[in-house]
Amino acid sequence: MPDNLADLQREIAELSDRVAALRSTHTAYPDDSAETAEAALAELGFAQELLQDCGRRLAAAESAAPRRSNGDDERAVLRAVFTQLSVPVVLLDHDGYIRRINAIGADRLGSSSGYLSGKPFANFVDLRRRAAMRSRLAAVLRNGESASFDSRLAQRGWAEDVHLTLTRLDVPTEAAPLVLVVMSPPLSSGEDEGPAPLEPEVEDQVVVLAARRLDVLTRMTRLLLASAGPGGAGRPLALDDAAALLADSYADWVVIDVCDLPDSAEQARRAVVAGPSGEDGQKALVESLDPLRSEIPSDVLKNGKSVLNQLIEDETVLGAAAGGAPLLSALGAGSLMCVPLKGSRGVRGALTLIRRSNRGGFRLADLGLIEEIGEHIGLALPPRTEG
């Protein structure tokens with residue numbers, strides 16, 4: 001009898017082949033049925049022995065299997081209770097990553113529990129509140145005292161004020177303490193620091209988004225033809241107009257960094273910043289920053305590859321103000337992308353688009369559109385000589 005699964009599978013395959021051969025022989029030579037029947041009985045006897053041996057081994061394995069203990073039953077009950085709780089609950093590890101989240105909590109964060117597991121919980125907190133949340137989490141882990149405070153969740157085009165309660169859990173089987181986060185309605189409804197959420201039913205409609213992308217591409221093409229195309233004004237493309245068009249219809253903030261000479265990323269300068277009206281202070285802040293000191297624009301200028309952050313995890317990638325506050329936090333950003341402006345002789349600049357947390361994040365289709373527009377702008381940029 002076979003000693004392992006591979007041998008058993010081989011024996012069964014060989015038995016099947018022999019049975020098929022006997023069946024074919026009986027069909028082709030019915031006069032020799034006596035001899036064929038004798039061979040078939042021999043194969044049937046072998047199959048019986050094989051099944052009996054497998055049955056004995058299965059019975060032995062079942063009797064030797066450890067029975068479920070009361071502790072396992074308790075853990076199963078607790079796991080079911082945690083999953084079905086009517087209150088959003090999240091279990092974090094000591095680094096702030098989501099270890100487990102119940103069904104209503106996953107729904108509150110706008111995704112499934114499987115996707116959310118392993119993600120930093122702070123990524124789902126609005127950038128304006130993220131630093132405070134991280135500090136509270138560190139304090140709870142450090143001193144063991146629970147913390148309760150108002151915060152804001154921001155993800156996929158919506159922003160929601162919540163009340164968070166953080167409690168440290170010391171579990172004997174865990175090498176480091178865990179933190180239990182309970183989400184509840186906010187205790188106070190103060191002045192809203194961020195922009196009002198847009199209607200998700202509009203932001204998530206595929207047809208509406210596709211039509212919006214087509215409209216943006218059409219308007220940009222018309223702008224390019226009006227400046228440098230046949231019958232146009234014959235003047236170089238006004239980057240201010242291109243940035244204003246994108247800021248008006250596709251993003252909240254648009255930043256254009258250019259290289260006066262192709263592939264001279266080390267000499268890049270910030271050319272244009274377009275954003276919401278009435279926010280001159282933030283616009284001046286963006287204009288004052290050196291693109292070479294901003295991680296994402298600098299990388300795009302040097303390697304010519306686009307970057308898409310559907311969800312901003314590191315708020316420092318576009319630089320910081322003089323006081324150290326991250327630029328993206330000051331802008332209330334929720335999503336960004338940056339594409340190269342490619343001319344006929346190489347990378348001529350970088351185009352960065354930023355959406356606030358009250359809007360749907362940029363998607364791959366958006367990146368494809370802006371990459372196309374970036375190439376158009378790069379080709380329309382006139383070459384500048386040194387000096």
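On a 1 Å grid over the protein atoms alone, a cavity is a set of points where a 1.4 Å probe fits but cannot get out, and a pocket is an open set with protein on both sides within 12 Å along at least five of seven lines; lining residues have an atom within 4 Å of a point. Grid points are joined across faces, edges and corners, and a volume is the space filled by probe spheres set on the points.

The model is predicted: local features need pLDDT of at least 70, side-chain atom pairs count only at pLDDT 80 or more, and totals for chains, interfaces and linings use all residues. Residues are numbered from 1 along each chain as its sequence is written, and side-chain values use heavy atoms, with hydrogens and water left out.

Start with the whole chain. It has 13 helices and 10 strands, taken as DSSP runs numbered from the N terminus (helices H or I, at least four residues; strands E, at least two). Of its 387 residues, 39% are buried, that is, under 20% relative accessible area with a 1.4 Å probe, protein chains only. Contacts are heavy atoms within 4.5 Å. Among those between residues at least 6 apart in sequence, 57% join residues at least 24 apart.

Now the core. In soluble globular proteins, nonpolar side chains tend to be buried together. A nonpolar core here is a set of buried Ala, Val, Leu, Ile, Met, Phe, Trp, Tyr and Cys residues joined through side-chain atoms within 4.5 Å. The largest one has 29 residues. Leu 246, Val 254, Ile 256, Leu 351, Leu 353 and Ile 370 have the most contacts inside it. Helix α9 (239-249) is among the elements that give it two or more residues, and α9 gives the most, with six. Ile 370 touches Leu 246, Tyr 250, Met 337, Val 339, Leu 351 and Leu 353, not counting residues up to four places away in sequence.

The largest pocket has a volume of about 610 Å³. Its lining holds 15 residues, with Leu 78, Leu 91, Arg 100, Val 171 and Leu 178 nearest the centre. Elements α3 (70-84), β2 (98-101) and β5 (178-184) each give two or more. The most come from α3, with five. Nine lining residues are nonpolar, one is polar and five are charged.

Three cavities reach 30 Å³ or more.

Note on methods:
Ala, Val, Leu, Ile, Met, Phe, Trp, Tyr, Cys and Pro count as nonpolar, Asp, Glu, Lys and Arg as charged, and the others, Gly among them, as polar. Buried means under 20% relative accessible area, exposed over 50%, partly exposed in between (1.4 Å probe, protein chains only).
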